[in-house]
Amino acid sequence: MIRVVLPFHLRTLARLDGEAVLRVAGSVTLRSALDALEAAYPMLRGTIRDHTTFQRRPFIRFFAAGRDFSNEPMDVPLPASVAAGVEPLLIVGAIAGG
Amino acid sequence: MTFVRVLVGTKKGAFIITSDAKRQKWSVNGPLFAGWEIYHMKGSPVDPDRIYASQSSGWFGQIIQRSNDGGRTWEQPGTPAGAPTTTPEGMPMGESNKFVYDTSPKTGKPLTTHMWYDGTQHPWEFKRVWHIEPSLDDPDTAYAGVEDAAIFRTTDGAKTWHELPGLRGHESGPNWQPGAGGMGLHTILLDPKNKGRMYVAISAAGTFRSDDGGKSWKPINRGLKSDFMPDPTAEVGHCVHRIAFHPSRPATLFMQKHWDIMRSDDAGESWREVSGNLPSDFGFPIDVHAHEPETIYVVPILSDSLHYPPDGKLRVYRSRAGGNEWEPLTKGLPQQDCYVNVLREAMAVDTLDPCGVYFGTTGGQVYGSADGGDTWSPIVRDLPAVLSVEVQVLK
């Protein structure tokens, strides 16, 4: 199982109190983690990445085990500690707007 | 018992404000969808407890919410609790927030570009839903006006949305361009007397009419003059802020253009200016009295550079002659040091007698009048900036 921490507004949308805990089949990457997240919480589809291009929305960032994965290819494996559920994948709304 | 429900969309959430038919004491419920921009909320005319809301965020994009119980509970259509979350192919099913422009050659010329600020062509990019117009006869059917300008329709209660590509595919599409506030389709009027006839308005392309249920469209901007355009009387390019009609006379249209109040008596084929004695003919909303088709309301704003009322006085102007002759309505409205704006979607009328008129400001007040505009009082103060106001009368 992996753990995903969502920003406040997406937790509200998904009606989640804390972290999302998800089963990911196969290699744990950003793509497989987001696929699992959107399958479990379909109301989040389109809020993190585009419906059709799957591009990350501009003000969304991905952090895992102290690293910024926002601009990494979607199929790069996430750190073992995230894949093992020891540390969460952080999905963050960027500070923007001044 | 008759009661009134005012649906208010703001920069930071939605509010539902209710009163009995006297419209003197109001109770405020909210914020709903706290922290999100609510561009518009509107109920179905055939099932007033079916309400659609457009919820959006610069971070997380567009969400469509739906209530089936008058706003007490909400859901994103397509994702009911306990239902399967994926298709047999394994794809997530929640698609209520999916607005994808049509690119099918079967449904029209797949237009992909419009005019950008620098005169080059720019791809259409979905940003948000400005306006939701529920169908006049089916609660599961609604139209959405979006930015970048296009019209979408749902026939399954907002589970899925599909573009009506004939509008964007009109041959003038490559000449449409955004105004300062983006290129939004912000007004949709459904003609109750002529099935299939509908009007839309786009900033800054102009007004368009369909006579076949949204399949094909024609620009209806003859008579409009916009001095900021290279050709001030061009077929498209006008910054129309709002259009309105009375349901009993849907061929008579009233328009608040960027500058100028305009009127058409032939379903938009031709327009004439009726700004008359207004202190400024710049503004955003325009609306029509529920029982007097020649009584109309506007809120003059000083200019496009100064988005506040002339002289620091918040005045609604009413014409009982369908334009040209206007009277200021000031009783109960601030008449000094007032520098709020009233946005295009932020005015509505109720169907009680006397007619109620409501408008919201960027300062967070919603003012109401239970006597057709003669006197006003705030039904709520100090909300976030108001983006939209709709009103329902329920029995």
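Chain A contains 3 helices and 5 strands; helices (H or I, at least four residues) and strands (E, at least two) are DSSP runs, numbered from the N terminus. The model is predicted: local features need pLDDT of at least 70, side-chain atom pairs count only at pLDDT 80 or more, and totals for chains, interfaces and linings use all residues. Residues are numbered from 1 along each chain as its sequence is written, with chains lettered from A and ligands numbered from 1 in the order in which they are written.

From the N terminus, the element order in chain A is β-α-β-α-β-β-α-β. The C-alpha trace of chain A spans about 35 × 25 × 25 Å along its principal axes. Of the 98 residues in chain A, 35% are buried. A residue is buried if 20 or more other C-beta atoms lie within 10 Å of its own, exposed if 12 or fewer, and partly exposed in between, with C-beta atoms placed from the backbone. Two residues are in contact if their C-beta atoms, placed from the backbone, lie within 7 Å. Among contacts in chain A between residues at least 6 apart in sequence, 54% join residues at least 24 apart.

The largest nonpolar core has 130 residues. Such a core is a set of buried Ala, Val, Leu, Ile, Met, Phe, Trp, Tyr and Cys residues joined through C-beta atoms within 7 Å. Residues with the most contacts inside this core include Leu89(A), Val6(B) and Tyr358(B). Strand 14 (residues 198-203) of chain B gives the most to the core, with 5 residues. Beyond its neighbours within four places in sequence, Leu89(A) contacts Ile2(A), Val4(A), Ala33(A), Phe62(A), Ala64(A), Leu78(A) and Val82(A).

The contact between the chains takes 17 residues from chain A and 18 residues from chain B. On the chain A side, helix 1 (8-14) and helix 2 (30-40) each supply at least two residues.

Chain B has two cis peptide bonds to note. One runs from Glu147(B) to Asp148(B), with omega near -5°. Asp148(B) lies in the loop between strand 10 (142-147) and strand 11 (150-154). Another joins Ser203(B) and Ala204(B), with omega about 0°. Asp337(B), a residue other than glycine, has a positive phi near 55°. Asp337(B) counts as exposed, because it has 7 C-beta neighbours inside 10 Å.
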